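User: Could you walk me through how to read a few features of this model, starting with how helices cross?

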Amino acid sequence: MGYRRLRAAHLSAARAALEDHVARLAWSHQRIEHYRTERLRALLGFARERSPFHAARMADLDPATATVDDLARLPPMTKQDVQREWDAIVTTPDIDRAGAERVLAQQGWFSYTPTGLQVFSSGGSSGVRGVYIWDWEQFVTLACLAWRWQVRGEHASADSGRSADSAHSAGPAGSAGRPARLAVLEAGEPPHASTPLFDIATGPLTQTFVIPTTAPFDQILRAVADARPTHLVGYASVIGRLARAANAGELEIRPVRVSTNSEPLSAQDRDAIDTAWGVPVHNLWGSTEIGVQAVGCGHRDGDGLHICADEVILERVDAAGRPVAPDEPAARTLATGLAGRTFPFVRYDLGDEITLLPGRCACGSSMPRVADIVGRCDDDFRYGRRTVPASAFRHVLGTDPLISEYQVHQTAGGANVLVVGSPDTTAVATALAFSLRPYGLPDADISVTSVAQIPRHASTGKLKRFIALSG
Ligand SMILES: [Zn+2]
């Protein structure tokens, strides 16, 4: 009960802050930069004063005059640093690593600490278990970052609805007066942060329906059909699979807006969503550490995702951590989360590769853009000195209409592939072997097996599609 009351208060705080965040999407480039610089100085100044870890790294930097360019003078932060130095990084005496672990072990449901912190845990794609905390104000900001593009889109469609037909003005859902019903396809339970972040009714009339992705797919399908959603938000692979079910005539819903997150949105899943519903898709790239890094604006001609440049600084760097030019290849992406004051992430190595998109988006926003995140390089398989990108598998498995889900297990000379569906497994194996040839595997040993279900990660509900041979 205590959680529910605090959660309601928290969502009110997020709704109150949303209009400010929507307005920022129309800020000029200069205004974004000015705001970001002051936010950076605030973060660095606070971190230097209250975090021994950051103080030691910032000895030669004056936070009061620091600029984004000065970040390059600080060493990158790795996932291992974060988990090893936890107690030296956290800026509040209210919690330490042991206390955070106690919260995770003792909470029966999501919870708040006495000072309003939330504790989350995530295995992430690297397999290193991480423990993270989000403070009260940080969550408010992250919720706004996750939802402001959708709210902006609803405003726009409500306005155009009014001008086109004033007697038939669109409601808060932007869906011709239907009250909004949001189906939330996320982990559904602790310790993963996805449900608190995405189970958010942005309008007063919005109802939400949480449908855990850990359930068997036929249950998910039924729950989504019963929810009659006007809006969908959830793991990219699950929304993609729902779209394929809709295209096959197994799901009849009429969403007006779709938001995907937590996993890369493949071109095949995006196409399936477009075919099924033909509505704006907001793809989100985030992490438990930073929260939300970039979100798609949903504009039909708006490629890629808009970086949350007012709240996140992304640096593309070489292997030594030095920034590279926008058109040069980068080894890593470092992120600084300006809203995370209680546990500051400064130049944190995200493990994702990004490509910046030039020019301004067709939607008119000055927020800079990155190309769609195609997946972590962690998903690549290494065979001796040869590297096979996950896309070599994805291209075959993600385009076969008879495959609704798959998982690739690397073997010494190829892969064992599990598929849900009824494809011609021999033909799929042949196509995969052919797809791997350009990467130096002339004769890969591929087996393809049809299974009824592929288990999702027990606590996060995520589907790990690529499982590399360890060692
Ligand atoms: Zn845009």
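Analyst: A crossing is left-handed if the near helix is turned anticlockwise from the far one by less than a right angle, and right-handed if the turn is clockwise. Here, helix 12 passes helix 13 in a right-handed crossing. Helices (H or I, at least four residues) and strands (E, at least two) are DSSP runs, numbered from the N terminus. One caution: this is a predicted model, so local features need pLDDT of at least 70, side-chain atom pairs count only at pLDDT 80 or more, and totals for chains, interfaces and linings use all residues. Residues are numbered from 1 along each chain as its sequence is written, and side-chain values use heavy atoms, with hydrogens and water left out.

User: At what angle do the axes of helix 12 and helix 13 cross? And which residues of the two helices meet?

Analyst: An axis is a line fitted to C-alpha atoms, for helices over the stretch in contact, and angles run from 0 to 180 degrees between N-to-C directions. These two axes cross at roughly 145° and come within 9 Å. Contact means heavy atoms within 4.5 Å. On the helix 12 side you'll find Ala-392, Phe-393, Val-396 and Leu-397, and they meet Val-428, Ala-431, Leu-432, Ser-435 and Leu-436 of helix 13.

User: In what order do the strands of the open sheet with mixed pairing run?

Analyst: Two strands pair if DSSP finds at least two bridges between them. The order of the 4 strands is 19-18-17-20. Strand 19 (445-451) and strand 20 (466-467) are the edges; each has a single partner strand, so one side of each lacks a neighbour in the sheet. Helix 12 (residues 390-397) packs on this sheet, touching strands 17, 18, 19 and 20, and its direction makes about 150° with that of strand 17. Helix 13 (residues 425-436) lies across strand 17, strand 18 and strand 19, at about 145° to strand 19. Within the sheet, strand 17 (residues 403-411) and strand 18 (residues 414-421) pair antiparallel over 8 bridges, with Ile-403 opposite Gly-421.

User: How many residues of strand 10 are buried?

Analyst: Buried means under 20% relative accessible area, exposed is over 50%, and partly exposed is in between (1.4 Å probe, protein chains only). For strand 10 (residues 312-317), 6 of its 6 residues are buried. Val-312, Leu-314 and Arg-316 point one way, Ile-313, Glu-315 and Val-317 the other, and both sets are buried. Strand 10 runs antiparallel to strand 11 (residues 332-337), with 6 bridges between them; Val-317, for instance, has Arg-332 as its bridge partner.

User: Over which ring does the charged end of Arg-241 sit?

Analyst: A charge sits over a ring if NZ of Lys or CZ of Arg is within 6 Å of the ring centre and within 35 degrees of the ring normal. For Arg-241 the ring is that of Phe-217, with the charged end 3.8 Å from its centre. Arg-465 lies over the face of Tyr-406, at 4.6 Å from the ring centre.

User: Which peptide bond is cis, and which residue has a positive phi near 70°?

Analyst: Most residues other than glycine have a negative phi, and most peptide bonds are trans. The bond from Pro-190 to Pro-191 is cis, with omega near 5°; Pro-191 lies in the loop between strand 3 (181-185) and helix 8 (194-198). The residue with phi near 70° is Ser-262, in the loop between strand 6 (257-261) and helix 11 (267-277). Arg-347 also has a positive phi, near 55°, and belongs to the loop between strand 11 and strand 12 (348-349). Ser-262 is partly exposed at 26% relative accessible area, whereas Arg-347 is buried at 1%.

User: Is Phe-345 buried or exposed?

Analyst: Buried, because its relative accessible area is 5%. Phe-345 is in the loop between strand 11 and strand 12. Beyond its neighbours within four places in sequence, Phe-345 contacts residues including Met-77, Val-82, Tyr-132 and Glu-289.
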